There are 2 protein chains.
Amino acid sequence: MLIVQKFGGSSVKDADRIRSVARIIAETFLLGHDVVVVLSAQGDTTDDLLAKAAELNRNPSMRELDMLLTTGEQQSVALMAMCLESMDLPAVSLTGWQAGIRTDAAGGAARIRRVDTERLRREIDKRRIVLVTGFQGVNKYDDYTTLGRGGSDTTAVALAAALHADRCQIYTDVEGVYTADPRKVPAARKLEEITYDEMLELASMGAQVLMNRSVELAKRYGVELEVLSSYVRAPGTKVKEDSKPVEEMKITGIAKDENAARITVARLQDKPGAAFRALNAVARAGVNVDMIIQASGRDDTNDMSFVVAEADADRAMAALEERKAAIGFDHLTADKNIAKVSVVGAGMMSSVGVASLMFEALTDAHINIQMISTSEIKISCVIERSAADRAVAAIHGKFFES
Amino acid sequence: MLIVQKFGGSSVKDADRIRSVARIIAETFLLGHDVVVVLSAQGDTTDDLLAKAAELNRNPSMRELDMLLTTGEQQSVALMAMCLESMDLPAVSLTGWQAGIRTDAAGGAARIRRVDTERLRREIDKRRIVLVTGFQGVNKYDDYTTLGRGGSDTTAVALAAALHADRCQIYTDVEGVYTADPRKVPAARKLEEITYDEMLELASMGAQVLMNRSVELAKRYGVELEVLSSYVRAPGTKVKEDSKPVEEMKITGIAKDENAARITVARLQDKPGAAFRALNAVARAGVNVDMIIQASGRDDTNDMSFVVAEADADRAMAALEERKAAIGFDHLTADKNIAKVSVVGAGMMSSVGVASLMFEALTDAHINIQMISTSEIKISCVIERSAADRAVAAIHGKFFES
């Protein structure tokens, strides 16, 4: 089998961790598998480099920042190759350029355009362990680019797709994907399998196991992912097209997102296009909007509320205020004291009663529901932020512990 | 004019030094010149990376070591580019690969095969300051290689040759090349000009201003070098094919080399090939030999002495001892308490009396001459090591201060 393995920055942060990861790689290789390994920069390397840059230039160009940051992964793969050499294993490290990872021109958050696999295949055919820098590639000008947050996961999935790998293993500091955050909900269970769509909903709701871009890419190319721990040797969670449901339950997991704020546009004119103009102003400020509700007012105005990331709230408010006359509303209010709690599950669409079970759990726990939104595989409620952990525990109890 | 400027690791060791070097670059650029800058890794970066490697593998492959070490210069050029950007100057950093520096396959001490200047010329034509990583290139497999000690000087000279630059400035922590080491001989004078051959003789005699490989390359391609200080803004020393002699003096400089040991092969058989076999044994041990003298003995044997680097003395002794029977000698002695003192000057060959003036200086100072060797532009004497500084001062006094 050809297996792609990805290890993050904390997994290679010092010599001990590098040796420990090398043993995982060696074990896989010595079972007879071909192994391609994707590594991130060591622990704090990226932050240290950013601090050096900030000393010289508060606002450096993305091109030069990428030139600087890509050295971090290059050091990781070289050090890992040396460690594997010391174990008498054949290893070769490759930068994104050498591995044929071609991206678009956008610095800082480039997208992979294609992978020229010739060199990779040649090294695999020589029965070498191939170590590839995550997070980076080169654009058509042969300039170094980086893929943005979680970019090493994306690199791993892209290589698995291009090489038609049999498996793509994402090693992290958790043992897999859980029905809820196991640090908060002791009864949370590790899922054996989960669908891409469920994983996407959980990730965007704050379960930071895999970045969405890598899951989207895996879904598009049908790459089966496995999320597992680099500390504990145990099966992780498989992310794939179809999953076995957990027992007879219709839902897969529960997530909360505390990075949220609700903005209310009070007394918005009840005229065609008013809501569009308001939301368009927010979008032009680069702010994503979630969960929009509109309540009819007593006169010819409505109150419209929507949810944005807390960090974006002030920017969204400013954008609306600037176009107040063109949009036509009375005033704005913002509530940064909210959280979103969601249940996710592909089985939900063919079932009824999931929503009512969720509402029942929140009602039993005396938690007020401020907003509700549903999709085919997700139901989200906005509640008071201080009640978020209690809400997750209550919902988890209702679905998984009764 | 197109000017290549090279700055070493101590010149870019922190943000303050980077800013200070950026001002030198900016000044040159704003005078209207095209500027290509070659940088080494920051201060201790290379040592830090070597320490990290040693934790994992005492004997890593050269390929992976080069992969690791080349990140140092990449960080330097990116940081310098950001610093220049902050001064509103157009700058672009390039790795050895991006700059088209193609080397042979030998890791750790590769030689530059050619420079594909297309990208460099394109960036220069855009009126950008081009920052190139010193010390590194890529081989025909697209693997990263390093050029060995002093490799950044070699990079600068190779770029100057390939781009037909008008000047190649090597910035160091000294103000130029002196008639003797100015820390030891207060009356030492900075030379305005020196020939390639004189520079080569001075460098190999321990005046560590420029590595020999870069001077050889400059001579071969007729690149005029200038050695100058990155701390003090003053003209340095030009290294070129012909130089003006210092006043009417026939010599350019005086150097000492304390890294020397004399090995004596006692009672070597006076038969054809005996000396050859002895020296061949030493050569096969990878040891360079200098200044050979043979003294006739009273019987059918000779004593042969030669000078090697002190660090190589034990290896040379062992190689001789191992082939003692085949070579035919009685015993070996080594004297590690010696130094070589040399006067260098292209004018010497057309003149007499330089040697006698040197011997007179040493005799006046009561310093015993143990061995003498002469070349067209150099006279070297072996003396007791403790007298070396006194010898240099005495010779300097005789030639330059009378």
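Which side chain of chain A meets B:D143 in a salt bridge? It is the side chain of A:R119, with 2.7 Å from N to O. Keep in mind that you are looking at a predicted model. Across the interface of chain B and chain A, the rule finds two salt bridges. The count of residue pairs in polar contact between these chains is 29, with both residues at pLDDT 80 or more.

Which parts of chain B make up its side of this meeting place? The elements giving two or more residues to the side that touches chain A are α1, α2 (45–56), α3 (62–86) and β3 (91–94) of chain B. Of these, α3(B) gives the most, with 17 residues. Sorted by class, this side of chain B holds 22 nonpolar, 11 polar and nine charged residues.

Now let us step back to the whole interface. Chain B brings 42 residues to the contact, and chain A brings 42 residues too. The area buried between the two chains is about 3600 Å², with carbon and sulfur atoms giving 55% of it. Within chain B, the residues that lose the most area to chain A are B:L56, B:M82 and B:W97, which together account for 20% of what that side buries.

You will find B:K13 in the loop between β1 (2–7) and α1 (15–30) of chain B. Is this residue buried, exposed or partly exposed? B:K13 counts as partly exposed because its relative accessibility is 46%, which falls between the limits of 20% and 50%. Leaving out residues up to four places away in sequence, B:K13 touches B:Q42 and B:G43. B:R102 lies 89 residues from B:K13 along the chain, and their C-alpha atoms are separated by 27 Å.

Methods. Residues numbered from 1 in each chain as written. Chains lettered and ligands numbered in written order. Predicted model: local features only at pLDDT ≥ 70, side-chain atom pairs only at ≥ 80, totals over all residues. Heavy atoms only, no water. Helix = DSSP H or I, 4+ residues; strand = E, 2+ residues; numbered from the N terminus. Buried < 20%, exposed > 50% of the residue type's maximum accessible area, 1.4 Å probe, protein only. Contact = heavy atoms within 4.5 Å. Buried area = accessible area lost by both parts, 1.4 Å probe. Salt bridge = Lys/Arg side-chain N within 4 Å of Asp/Glu carboxyl O. Polar contact = N/O pair within 3.5 Å; in protein donor to acceptor, adjacent residues only side chain to side chain. Nonpolar A, V, L, I, M, F, W, Y, C, P; charged D, E, K, R; others polar.
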